[in-house]
Amino acid sequence: MCVALLCSWSLSGRIEGVREGTIIAALITGPFVRLIMPRLAFIRQWLSSETTHEVPSANGTEHFPWVITISREYGSGGHQAGKQLARQLGIAFYDKELITLAAQESHFSEEFISQNEQKLPSSLLYQMILQNYEAPLDKSLSYDDALFVTQSRIIRRIASEKPCVIVGRCANYILKNRPNTISIFLYADMPHKISRAVAEYGIPAAKAPDIIASTDKSRSDHYFHYTGLQWGDSRNYHITFDTGIIPIGQVTEIIRNLLQKEINESNQS
C-alpha cells in the first residue's frame, strides 16, 4: 500500500486509486488469514503430500539420539514425569530450561518468554522451523511467531545433539517423523489435577479449577494454531497415560521399558 501511494504521488502528483477500501483491506487481511488458515490444515497437508520429508530407514538412524517428548495437561504431572525419566535414564531434561536457552538466543527476556510462550500465536510457520539458517525473526515476524520459531529451532538442535526429555512446546509436532523419538501425552481428571496443583504448585484450592481450565485452553489453542491438530488427540502421540489412575512412577517404568525395547529392536535390525 505504501509503494502504491509513493508511485501515485511521484508519477501523477496526487493520490489515485488508494482510498479507504484499500486501507481497510490492508488492515483486515492478515487477521482473517490467521483465523482461517489453521482450519484449512487438511488442504495444506494435501498440497504438501508430495514434498513430505522422508524418514530415514531403521538402518540409518544410529546418529539420531533418542528423544522423549512429553505433552501434558496442567496438573497431570508432566514436569515430574519428565524429570524422573531424565534422571533414571541419565539424559538431559528440558522444560523451563528452554526458556533460558530461548532468552540467550533472542532479544526476549526470560520473563517475557515465560508469560507469552503459550499465548495464542498468529500463524503456522513449520517451514521456518525447518530452516537451519538464522533469519532476522524480530524484523519479519510477530513476537509470538518469532518466539515459537526460536524455541522450535532450539528443540531441533538439542534433539540432534544428545538424548533428552523435552516437556511441552509442541515438541511432538516439531520432531514428528523424526526417528528415535517417543511422544507421550499425560492427562488426568480434574480432582487429581486440583490435588497436584495445590500440593506441588501452591495454588489455592478455590482458584485451582479456573487456573487449570485456563492453562489447558491456552495450550490447546496454541497447539491447534501452530499444528492444525487437536491437542490431546491420542493419534498425535505414541502413547497416552491417565495419571489419575496410573501413578507417575509406573508411567516412567513403562516408558523406560518401551525405550529399551525400541533400542534393542534397532540394534537387531
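**Close-up views of the predicted model**

**View 1. Confidence across the predicted model.** The protein averages a pLDDT of 81, and 78% of the residues score at least 70.

View 2. Residues 48–59 fall below 50 in pLDDT. Beyond near neighbours in sequence, this stretch has 8 contacts in the model. Residues 120–140 also have a pLDDT below 50. Here the model has 49 contacts beyond near neighbours in sequence. Where pLDDT is low, the predicted coordinates should not be read in detail.

View 3. Strand 1 (residues 67–72) is mostly covered, with 6 of its 6 residues buried. Val67, Thr69 and Ser71 point one way from the strand. Ile68, Ile70 and Arg72 point the other way. Strand 1 runs parallel to strand 3 (residues 164–167), joined by 4 bridges. In that pairing, Ile70 has Val167 as its bridge partner. Strand 1 also pairs with strand 4 in the parallel sense, over 6 bridges. There, Thr69 is the bridge partner of Ser183.

**View 4. Helix 11 against helix 12.** Helix 11 (residues 190–201) packs on helix 12 (residues 208–227) at an angle of about 105°. Their axes lie 10 Å apart. The two helices are therefore roughly perpendicular to each other. Helix 11 contributes Met190, Lys193, Ile194, Ala197 and Val198 to the contact. Helix 12 meets them with Ala208, Pro209, Ile212 and Asp216. By class, the contact has 7 nonpolar, no polar and 2 charged residues.

Technical notes:
Residues numbered from 1 in each chain as written. Predicted model: local features only at pLDDT ≥ 70, side-chain atom pairs only at ≥ 80, totals over all residues. Heavy atoms only, no water. Axes fitted to C-alpha atoms, helices over the stretch in contact; angles between N-to-C directions. Parallel < 35°, antiparallel > 145°, perpendicular 65-115°, else oblique. Contact = heavy atoms within 4.5 Å. Nonpolar A, V, L, I, M, F, W, Y, C, P; charged D, E, K, R; others polar. pLDDT = per-residue confidence, 0-100. Buried < 20%, exposed > 50% of the residue type's maximum accessible area, 1.4 Å probe, protein only. Pairing = 2+ DSSP bridges.
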